[in-house]
Amino acid sequence: MDFNDTPEEAAFRAKARSFLEEHAVPKSGGNLNMAGGADKDAILAGARVWQAKKAAAGFAGITMPKEYGGQGLSPIMQVIYNLEEGNFIAPRGVYEIGLGMCIPTMLAYATEEQKQRYATPALHGEEIWCQLFSEPAGGSDLAGLRTRAEKDGDDWIINGQKIWTSGAQFSDYAILVTRSDFDVPKHKGLTFFFLDMKSRGVEVRPIKQMSGASNFNEVYFTDVRIPDSQRLGAVGDGWKVSLTTLMNERFAVGIAPPPDFDEVFNLVRETELEDGPALDNAMVRDRLADWYVRQQGLKNSHFRTMTAMSRGETPGPESSINKVVSASKYQDISFFGMEMQEMVGIMTDPEEVAMDGLFQTGTMSSPGYRIAGGTDEILRNIIAERILGLPQDVRLDKEGAFRDLPTGRD
Amino acid sequence: MNFEFDDDQRMLRDQARRFLLDKSPPEVVRQTLEDEQPFDRDLWQQFGDMGWIGAAIPEEYGGGGMGHLELCVIAEELGRALAPTPFASSVYLGAEALLTAGSEEQKQGYLPDLATGAAIWCLALSEGPQPATEKNIAAAVSNGKLSGAKIPVADGDIADRAIVVARDGGTVGLYIVDLNGSGVEREMVATMDPTRSQAKLTFKDAAAEKLGDDGWPLLERIQDRAAVLIAFEQIGGAQACLEMAKEYAMGRFAFGRPIAGYQAIKHRLADMYIQIELARSNSYYGAWALSTDAAELPVAAATARVSGNEAYHFAAKENIQIHGGMGFTWEFNCHLYYRRSRQLALVLGSQRRWKDRLIRALERRNAA
């Protein structure tokens, strides 16, 4: 056992590091959150500039084939690059979904001409993509979606509503899954497209989250026309195409943001309780130990994943347990950080509370992390079914026409 | 990045698993549980013959000279098979103590017999229900003679030699005592896990030979090494619980279908898997620190120990729960793991103390 790179990995890491040192600012604590900052336009402009620099230096589309502007390298190189980039202020969030999910789907299903047209501009940060999947009627049960696609000559006409779309407000293009047939079983009536977000009839409305921030959108479709040439996969094969996209979803929602162990440890070291330093309190130490072993468990699992990838094997269990463990830890640590501040904990003024309100912000953001990109419950189902091989639930929605399924709203 | 066991080590794991499936199935473990025998002497002898006992002991001291990563691999399989032998006492504590602090003469003199299994070693620390600390150790050495009592001592009834924590004047030290010599009385004590026997040792002017110079810090170093190895036993046991619970849930029908299809059961099994994978990854890091003598060992060992305790605790109790009423019977094997999970959780000191120790190690690392 060792933590050494192979010679190729070491060379790539050195190249990435020198690129980052030359072009990016080292991180001094805190994460730049997609669309979460004060000046969204500035963040967006910064992201565009950064993505273009990465592309010019050969660090965009690391695993993507060379003929579409990528580097054609193995996934371990992407992991290495991300680790290195993580030490710098590098606003890649804007492009995560497009490059992680949308473009791979395009490369799998679009025509050669379309691939040539769309892949390179996305890699260079010139065009931003979003993913139109979730609906009010279909979140965990994605295939329950009801956005309607009707054929009209060489076009399709789309009507309906999507929700929880990250980045829709500044995206140029999107991938979209719709229902084209309500009379066949649920998973057989879906059809997949890509579209121009500036198409007539597309309306983006921000969702105001419980925290007051707006990181997601609702997207409404009113008689939106999409040419049949922008269909990905066969009519009725939309579920299969969606699965290709979702296979890449682990890139989209990863580990929860701070506060994690390091932040709560720092807080505790500066906190005095009624009977002395908080760090001397047995209850505090017990909780800290719980979080430390979880944090390290994920970090060490990541080393196992990297090892598997480095050997060209399928990654280990990390991708499935990462979010389940880190999202709850995020929420628990946030609560605990408020507790440590006693009655002041309820205050949110960054001047008054510890660490500019990190724990208060975490308290209001963490519920979303337990839901986005697969709820705690869905992820446990995935572990149970795909890793442990346990049977699926009894399903009442596999047969018969979709339109006859109960919705609870009739 | 190479954070995985290599092909030879994986091969060793497969061999060990097959061997233990054959020689230490639950029926064999039960013989130690239900009969009077304190351990499985045949099995122990075979471990010696195969070089497992001396796996991490250098060849110059009669060992196999494989290394600590190989020992971790073996430990996981022993934990999975609930092997009723004094492996932890003799190898993780006894041999590690001698390798860590023994003089050349002590290593030459003691390790060859230990490595073959001919001599069994144990560590005598606890003196009753109060947590053992540097301040409250009462066993005392004077002019090379030890007096005092230790209870419980894992494998104290069958060991040939003990490493005894005792004080000489104001200083706590580690002492080697021949348990077959004069001035030693031993008495088997009843425990929750009779597959790992324990004893009360009473010393009256027993000859004691000093091991190493620094007492309590040395004890903690030895415990750190043992904690990593025991964490591997714990993930082996926890994994066995997960597999048992899964198999039972797949075959047990209720309300017209296998209970493995109900989310209440699926999510519990998923949680077992999550706990085990976190503990496994932390144990790997411990194995790396152990095998390289890294400065990180105190943090890595406590991390492996705390998550190993947690994973086995959870897997053993939920395994019974998933088995329902049958899991609570003597006939089903669930309780064998439940017992062992409790034994391993306490044998190096409680979870509470290891959590405290982890934070202490982090404080030290931060201050450095």
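Reply: Two residues are in contact here if their C-beta atoms, placed from the backbone, lie within 7 Å. Bear in mind that this is a predicted model, where local features need pLDDT of at least 70, side-chain atom pairs count only at pLDDT 80 or more, and totals for chains, interfaces and linings use all residues. Residues are numbered from 1 along each chain as its sequence is written, while chains are lettered from A and ligands numbered from 1 in the order in which they are written.

Let's start with helix 9 (residues 297-323) and helix 10 (residues 334-347) of chain B; helices are DSSP runs of H or I with at least four residues, strands are E runs of at least two, and both are numbered from the N terminus. Their axes come within 9 Å and cross at roughly 160 degrees (lines fitted to C-alpha atoms, for helices over the stretch in contact, with angles from 0 to 180 degrees between N-to-C directions). That angle is why helix 9 of chain B counts as roughly antiparallel to helix 10 of chain B, the label for anything over 145 degrees.

On helix 9 of chain B, the contact uses Asn309(B), Tyr312(B), His313(B), Ala316(B), Lys317(B), Asn319(B), Ile320(B) and His323(B). Facing them from helix 10 of chain B are Cys334(B), Tyr337(B), Tyr338(B), Ser341(B), Leu344(B) and Ala345(B). By class, that contact has 8 nonpolar, 5 polar and 1 charged residues (Ala, Val, Leu, Ile, Met, Phe, Trp, Tyr, Cys and Pro are nonpolar, Asp, Glu, Lys and Arg charged, and the others, Gly among them, polar).

Now step back to the domains of chain B. An assignment, automatic or from a database, gives domain 1 (7-116), domain 2 (121-213) and domain 3 (217-367). The centres of domain 2 and domain 3 of chain B sit 28 Å apart, taken over C-alpha atoms. Domain 2 of chain B puts 9 residues into their contact and domain 3 of chain B puts in 8. On the domain 2 side, that's 5 nonpolar, 2 polar and 2 charged.

How values were computed:
Parallel < 35°, antiparallel > 145°, perpendicular 65-115°, else oblique.
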